[in-house]
Amino acid sequence: MNIHFPEQQQMFTLLSIDCDNAPNSCRLALKHCQPFFQPGERVNFHRSGIDIGDDKRIDLSRCTRWQPDALYLNPQRIQEIDWQTVAQIIQASVKHSSSLFYFRSDNIFYQEMSRLLQLHRAKLILALQEGNCSAIENEMTALLGLGVGLTPSGDDYLAGLSAVLFIDGHPAQHYRALFISVLARRKNKTTLLSVITLREAIEQRFRESIHEFLYHVINGEQKPIQQFINEIKKIGSSSGCDMLCGMADAFAMTRPDGGNHVNQDCD
């Protein structure tokens with residue numbers, strides 16, 4: 001996406017495939033563009049772009065819609081995929097990362113936050129395994145807003161968990177309505193950006209690197225997945241690592257033998 005300044009004959013790139021790309025997002029390099037935007041400027045939306053004030057335009061005419069292949073699981077694929085191995089690969093990759101779930105330092109504030117993240121993470125997994133909807137809501141509520149930054153770690157974890165559990169055909173897909181309901185009622189606990197990110201993940205809309213990772217796992221192509229994991233880890237300061245924690249737990253719960261009871265209905 002480009003922003004065009006006709007009078008200066010300049011064009012700035014706002015977003016590219018190498019940046020932190022995601023649905024409904026656009027990264028702006030403020031150090032370059034801040035002098036050009038003024039509070040109160042009129043914004044007009046057109047099919048081919050967005051006019052800002054009298055001298056700026058975001059040109060969308062050459063943009064193309066990203067339409068990835070839909071992710072889908074069937075009983076045969078659920079049986080064939082080595083879910084536990086994928087979960088272990090992710091866990092090994094994030095244990096010594098920037099994830100707040102694995103914080104290792106002497107900062108008491110972050111130590112306590114990490115303890116709470118692990119506590120509510122474990123309780124949420126148990127609630128999902130037991131089909132306890134009341135407990136699921138309680139633990140989701142506890143995780144929402146837990147952390148720091150524009151997308152707290154608890155929210156990023158839930159986004160990663162949702163990205164896997166709500167793939168079409170997944171045994172835990174029936175929890176989707178509950179996740180949507182809890183987020184709608186508890187959204188005041190976290191930031192607007194985080195609410196949007198989590199809602200999009202529940203609806204199976206997320207960054208290209210996450211989609212490519214899940215696509216390769218579902219299709220049994222495990223050789224390049226470490227490459228995709230490394231790309232996901234680059235998202236934000238710790239967001240990608242926290243999302244991976246959620247994905248690892250979701251993979252670990254997806255056992256074809258039904259031993260985790262993740263496919264049972266709420267009590």
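Which backbone oxygen does the side chain of His 170 reach? It is that of Leu 165, at 3.5 Å; point 5 returns to this residue.

1. Basis. This is a predicted model, in which local features need pLDDT of at least 70 and side-chain atom pairs count only at pLDDT 80 or more, while totals for chains, interfaces and linings use all residues. Residues are numbered from 1 along each chain as its sequence is written, and side-chain values use heavy atoms, with hydrogens and water left out.

2. Overall make-up. The chain has 11 helices and 5 strands; helices (H or I, at least four residues) and strands (E, at least two) are DSSP runs, numbered from the N terminus. Of its 267 residues, 43% are buried, where buried means under 20% relative accessible area, exposed over 50%, and partly exposed in between (1.4 Å probe, protein chains only). Among contacts with a separation of 6 or more, 64% join residues 24 or more positions apart, a contact being heavy atoms within 4.5 Å.

3. The 13 residues of α6 (residues 153–165) should span 18 Å at 1.5 Å a residue, and the end C-alpha atoms are 18 Å apart, which agrees; the expected span is 1.5 Å times one less than the number of residues. Because 13 of its 13 residues are buried, α6 is largely enclosed by the rest of the structure. The largest nonpolar core has 62 residues, and those touching the most other members are Ile 90, Phe 179, Phe 213, Leu 214, Met 247 and Phe 251. Such a core is a set of buried Ala, Val, Leu, Ile, Met, Phe, Trp, Tyr and Cys residues joined through side-chain atoms within 4.5 Å. Helix α11 (residues 239–253) gives the most to this core, 8 residues. Beyond four places in sequence, Phe 179 touches residues including Leu 158, Leu 161 and Ser 162.

4. His 170. This residue sits in the loop between α6 and α7 (176–186) and counts as buried because its relative accessibility is 4%. Leaving out residues up to four places away, His 170 touches Leu 73, Val 164, Leu 165 and Thr 254. Asn 74 is 96 residues from His 170 in sequence but 7.7 Å away in space, C-alpha to C-alpha. A polar atom of the His 170 side chain lies 2.9 Å from the backbone nitrogen of Ala 172.

5. Arg 176. In helix α7, Arg 176 counts as partly exposed, at 28% relative accessibility. Its side chain makes a polar contact with that of Glu 203 at 2.7 Å. A polar contact is a pair of N or O atoms within 3.5 Å; within protein, one must be able to donate a hydrogen and the other to accept it, and residues adjacent in sequence count only if both atoms are side-chain atoms.
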